[in-house]
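Here's a quick briefing to read with the structure open beside you. Take it one topic at a time, and find each residue as you go.

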Amino acid sequence: MDAIEDDYQAGIVRGAASAAQHANIELLCLAGGVVGDPQKDHRSQRNFLFDLLEPAAFDGILVLGGSLSSQLGTAGFSEWMRRFSGLPMVSLGVELSTCHNLVVDGAPGMKETLRHLITVHNHRRIAFIRGPVTSFEAEERFAAYREVLGEFSISEDPRLVLQGTWLRESGAAAVSELFDGRGMAVDAVSAIVAANDYMELGAMDAL
């Protein structure tokens with residue numbers, strides 16, 4: 001996986017650890033950062049951990065594919081995973097050609113949220129903080145945003161679409177870009193939606 005820094009990641013570890021314990025399986029967790037992250041921050045500097053993994057020493061690999069592939073994209077990450085070919089592999093979060101896959105449909109929840117804002121609260125100027133453009137999960141949620149705007153004949157305003165990285169600080173940076181960088185008036189935006197909870201918390205920090 002990439003990291004154990006938030007409730008989502010910690011929840012994955014807890015679930016895997018519980019199942020492994022019941023099955024009398026030894027579980028090793030490698031938190032080696034997002035693969036291929038061009039920012040080369042403290043997270044990507046941990047990528048060397050994956051190079052230390054000796055496939056012959058393990059019986060299988062459970063990979064948090066949705067998070068790890070957010071910079072390389074699914075095709076690039078599938079190719080990266082070939083280093084472990086020969087082992088049974090399961091990807092969580094994104095469909096990879098080299099693995100068995102468990103993929104969560106992130107679109108319905110996003111659509112429900114947006115429809116609620118529009119029909120119950122009458123919001124029509126909704127800003128959206130998207131995740132990495134190379135992330136399948138992020139693009140799925142952005143597509144849901146665009147689809148719901150179309151359902152209610154709301155024109156998409158590119159000034160209300162902001163780029164994030166999944167991280168909390170990018171949500172704060174997006175709000176700064178919206179109001180300071182782009183000069184949007186506060187009353188020109190009635191709601192802000194983000195592609196994940198942590199960017200939304202960052203947006204709240206900035207607000």
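What kind of unit do E4, H6 and E5 make? They make a right-handed β-α-β unit. Keep in mind that this is a predicted model. With that in place, let's look at the strand E4, then the cores, then a few residues worth a click.

- E4 is largely enclosed by the rest of the structure, because 5 of its 5 residues are buried.
- Both faces of E4 are covered: Ile126, Phe128 and Arg130 are buried on one side, and Ala127 and Ile129 are buried on the other.
- E4 pairs with E6 in the parallel sense, over 4 bridges. In that pairing, isoleucine 126 stands opposite alanine 191 in E6.
- E4 also pairs with E5 in the parallel sense, this time over 3 bridges. Here arginine 130 stands opposite glutamine 163 in E5.

**The nonpolar cores**

- A bit of background first: in soluble globular proteins, nonpolar side chains tend to be buried together.
- The largest nonpolar core here has 33 residues, and the members that touch the most others are Ile126, Ile129, Tyr145, Leu178 and Val189.
- Several elements each supply at least two residues of this core, including helix H5 (107–119), strand E4 (126–130), helix H6 (136–151) and helix H7 (168–181).
- A second, separate core has 15 residues, among them Leu53, Val63, Phe84 and Leu87.
- Which residues is isoleucine 126 in contact with, leaving aside its neighbours within four places in sequence? The answer is Leu114, Leu117, Ile118, Tyr145, Leu160, Ala191 and Val193.

- Glutamate 137 sits in helix H6. Glutamate 137 is buried yet has no salt bridge.
- The nearest side chain of opposite charge is arginine 141, which is 4.2 Å away. A salt bridge needs a side-chain nitrogen of Lys or Arg within 4 Å of a carboxyl oxygen of Asp or Glu.
- Not counting residues up to four places away in sequence, glutamate 137 touches Gly66, Ser67, Gly93 and Trp166.

**Two residues with positive phi**

- Tryptophan 166, one of those residues touched by glutamate 137, lies in the loop between E5 and H7. Its phi is near 85°, a positive value in a residue other than glycine.
- Serine 153 is in the loop between H6 and E5. Its phi is near 55°, again a positive value in a residue other than glycine.
- Are these two buried or exposed? Tryptophan 166 is buried, with a relative accessible area of 14%, whereas serine 153 is exposed, at 63%.

**Salt bridges**

- More background: side chains of opposite charge can pair when their charged atoms come close.
- How many salt bridges does the structure hold? It holds 10.
- In one of the salt bridges, the side chains of arginine 115 and glutamate 151 meet (2.7 Å, N to O). Arginine 115 lies in helix H5 and glutamate 151 in helix H6, so this pair ties together parts that are 36 residues apart in sequence. Arginine 115 is partly exposed, with a relative accessible area of 31%, and glutamate 151 is partly exposed too, at 39%.
- Aspartate 157 and arginine 125 also meet through their side chains in a salt bridge (3.1 Å, N to O). This pair links distant parts of the chain, 32 residues apart: aspartate 157 is in the loop between H6 and E5, and arginine 125 is in the loop between H5 and E4. Aspartate 157 counts as buried at 10% relative accessibility, while arginine 125 is partly exposed, with a relative accessible area of 30%.
- There's a network here as well: Arg125, Asp157 and Arg159 are linked by salt bridges.
- Glutamate 156 and arginine 146 have side chains that meet in a salt bridge (2.8 Å, N to O). Glutamate 156 is in the loop between H6 and E5 and arginine 146 is in helix H6, so the pair ties together parts 10 residues apart in sequence. Glutamate 156 counts as partly exposed at 32% relative accessibility, and arginine 146 is partly exposed with a relative accessible area of 45%.

How values were computed: Residues are numbered from 1 along each chain as its sequence is written. This is a predicted model: local features need pLDDT of at least 70, side-chain atom pairs count only at pLDDT 80 or more; totals for chains, interfaces and linings use all residues. Side-chain values use heavy atoms; hydrogens and water are left out. A nonpolar core is a set of buried Ala, Val, Leu, Ile, Met, Phe, Trp, Tyr and Cys residues joined through side-chain atoms within 4.5 Å. Buried means under 20% relative accessible area, exposed over 50%, partly exposed in between (1.4 Å probe, protein chains only). Contact means heavy atoms within 4.5 Å. Two strands pair if DSSP finds at least two bridges between them. A crossover is right-handed if, with the strands pointing away from the viewer, the path from the first strand over the helix to the second runs clockwise. Lys and Arg count as positive and Asp and Glu as negative; His and the chain ends are not counted.
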